[in-house]
Amino acid sequence: MTKNMLVVYYSWTNGNTRKIAEQLAAACGADLERIDTVVPYPDDYDATVSQAQDEVNAGFKPEIKALEHDLANYDVVAIGTPTWWYTMAPAVKTFISNANWEGKTVVAFSTSAGWPGSTNRDIQNAAIGAATTMPSLEVTFDSSGGTEQKTPQADVDAWIAAVKESLD
């Protein structure tokens, strides 16, 4: 039996997380949805970095917009996030804490500038009640906050193939 999959992601500036989410969704025939905060983060990089550090340190969960897709219709949910201060972005924390993970399979993936911290493990641990987790992926981009992917595309492709195979 083929499992239904939803790829949910948060991406702020360069679209690095979106890039990986789109590749995964396309290869797996999955639905794709972006997490958006009700109050957007500042456009200024430094202001957002400062705000993000404060929010992560405080355990803050910003209000997010409602998703168009109902998680109840999916067996597998892939969750993607940029790494903010060694963990998931606060918007992803909100998404995970608001969802029912009973019986779901969770696939975590994250993007970073080389300091992934415990992001993927934090996602898996936060999805309380999930039936199982699949291997996660950390994708590194250049350390200047840019869009140059440092993780070999072959590694990303191999992870995507393993996720796709597990859906059958």
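Which residue's side chain meets that of Asp-36 in a salt bridge?

**Entry 1: Asp-36.** I worked from a predicted model. I looked up Asp-36 and found that its side chain forms a salt bridge with that of Arg-34, at 2.8 Å from N to O. I then checked how accessible the two residues are. Asp-36 has a relative accessible area of 29% and is partly exposed; Arg-34, at 30%, is partly exposed as well.

**Entry 2: other salt bridges.** I noted that the structure holds three salt bridges. One of them joins the side chains of Glu-22 and Arg-18, with an N to O distance of 3.7 Å. I counted this pair as a salt bridge because the cut-off is 4 Å between the side-chain nitrogen and the carboxyl oxygen. I located both residues in helix α1 (residues 16-28); they are four residues apart, so about one helical turn separates them. Glu-22 is partly exposed at 38% relative accessibility, and Arg-18 is partly exposed at 33%.

I also recorded the salt bridge between the side chains of Lys-150 and Glu-148, at 3.1 Å from N to O. Lys-150 is partly exposed, with 47% relative accessibility. For Glu-148 I read 47%, which is likewise partly exposed.

**Entry 3: nonpolar surface.** I next asked which residues form a nonpolar patch on the surface. I found Trp-85, Tyr-86 and Trp-115, which together have about 360 Å² of accessible area. I traced Trp-115 to the loop between β5 (105-112) and α4 (119-126).

Definitions and conventions:
Residues numbered from 1 in each chain as written. Predicted model: local features only at pLDDT ≥ 70, side-chain atom pairs only at ≥ 80, totals over all residues. Heavy atoms only, no water. Patch = residues over 30% accessible without salt bridge, like charges linked within 9 Å, V, L, I, M, F, W, Y side chains within 5 Å. Areas by Shrake-Rupley, 256 points an atom, 1.4 Å probe, with all protein chains shown as cover. Helix = DSSP H or I, 4+ residues; strand = E, 2+ residues; numbered from the N terminus. Buried < 20%, exposed > 50% of the residue type's maximum accessible area, 1.4 Å probe, protein only.
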